[in-house]
Amino acid sequence: GLAHPFLNNVETLASSPDDLVSFFSRALQGHFFSHEETLFQFRRILSLGDINHLVRFPLGLSVFGKAGYADTPNAHARSIAGGVYFPNRWVYFSMVLNWDAEQAEDPETVNAFYGAIRESIALLQQRLSS
C-alpha cells in the first residue's frame with residue numbers, strides 16, 4: 001500500500017492543469033533559459049519521453065511534453081502536459097485523470113484516456129490545416 005495517499009497534507013503530487021500549461025508555454029519558448037543550446041536540449045529531452053509512445057500523436061507534429069502516472073489498488077492517476085508545434089502555431093495542453101478502481105491496473109481506462117487525447121489533437125490538427 002501507499003505510505004500516504006497521492007493527495008495528502010505532508011507531500012503531494014498535485015499541480016493544476018493551468019500551472020502545467022503556464023510552465024510549458026513559457027519553458028518551450030525559452031523564457032527560463034539563457035542560451036539557445038539549453039532550450040534545444042530541453043526540447044530534445046521532452047521529445048524523447050514516453051508521451052509520444054503513450055498517446056501516438058498524428059504524424060507531422062512536433063510534440064514536447066511529460067507524462068506521469070501511478071497505479072495502486074483503489075488509486076490511479078495519469079497526467080500528460082506539454083506543447084505541440086503545428087506548422088506556424090504552438091498549442092499547449094494539460095490533461096489529468098484521477099480515478100478509483102479496485103484492481104492494481106486498469107488498461108481500459110488508461111487506453112480511453114490516451115485515445116481521447118489522440119482524438120483531440122487529431123481534430124485540432126485538421127482544423128489548423130484547413
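Residues count here as buried when their relative accessible area is under 20%, as exposed when it is over 50%, and as partly exposed in between (1.4 Å probe, protein chains only). The model is a predicted one, with local features needing pLDDT of at least 70 and side-chain atom pairs counted only at pLDDT 80 or more, while totals for chains, interfaces and linings use all residues. Residue numbers start from 1 along each chain as its sequence is written, and side-chain values rest on heavy atoms, with hydrogens and water left out.

Helices (H or I, at least four residues) and strands (E, at least two) are DSSP runs, numbered from the N terminus. Starting with helix H1, which covers residues 17-27, the buried positions are Leu20, Phe24 and Ala27. Looking down the axis of H1, these buried residues fall within an arc of 70 degrees, so they line one face of the helix; the arc is taken from the directions that run from the helix axis to the C-beta atoms. As for partners, the buried residues of H1 pack against helix H2 (36-48) and against the strands S1 (62-72), S2 (75-86) and S3 (89-99), where contact means heavy atoms within 4.5 Å.

Those three strands make up an open sheet, ordered S1-S2-S3 and antiparallel in its pairing. S1 and S3 are the edge strands, each pairing on one side only. Neighbouring strands are turned by 5 degrees against each other on average, direction ignored. Two strands are taken to pair if DSSP finds at least two bridges between them. Strands of a sheet pair through backbone hydrogen bonds, either parallel or antiparallel.

Going through the sheet pair by pair, S1 and S2 are joined in the antiparallel sense over eleven bridges, and Ala67 sits opposite Ile80 in S2. The hairpin of S1 and S2 has two residues between the strands, and Asn74 takes a positive phi near 75 degrees there. S2 and S3 also pair in the antiparallel sense over eleven bridges. Here His76 stands opposite Trp99 in S3, and Gly83 faces Tyr92 in S3. This hairpin, too, has two residues between its strands, with Asn88 in the turn at a positive phi of about 70 degrees. S2 is mostly covered, ten of its twelve residues being buried.

Axes are lines fitted to C-alpha atoms, for helices over the stretch in contact, and angles run from 0 to 180 degrees between N-to-C directions. The buried residues of H4 are Val110, Phe113, Tyr114, Gly115, Ile117, Ile121 and Gln125, and they pack against H3, S1, S2 and S3.

That leaves the cores. A nonpolar core is a set of buried Ala, Val, Leu, Ile, Met, Phe, Trp, Tyr and Cys residues joined through side-chain atoms within 4.5 Å. The largest one has 18 residues, of which Phe57, Ile80, Val84, Tyr114, Ile117 and Ile121 touch the most other members. Helix H3 (51-55), S1, S2, S3 and H4 each supply at least two residues of this core, and the largest share, five residues, comes from H4. A second, separate core of eight residues includes Leu20, Phe42, Phe64 and Ala81.
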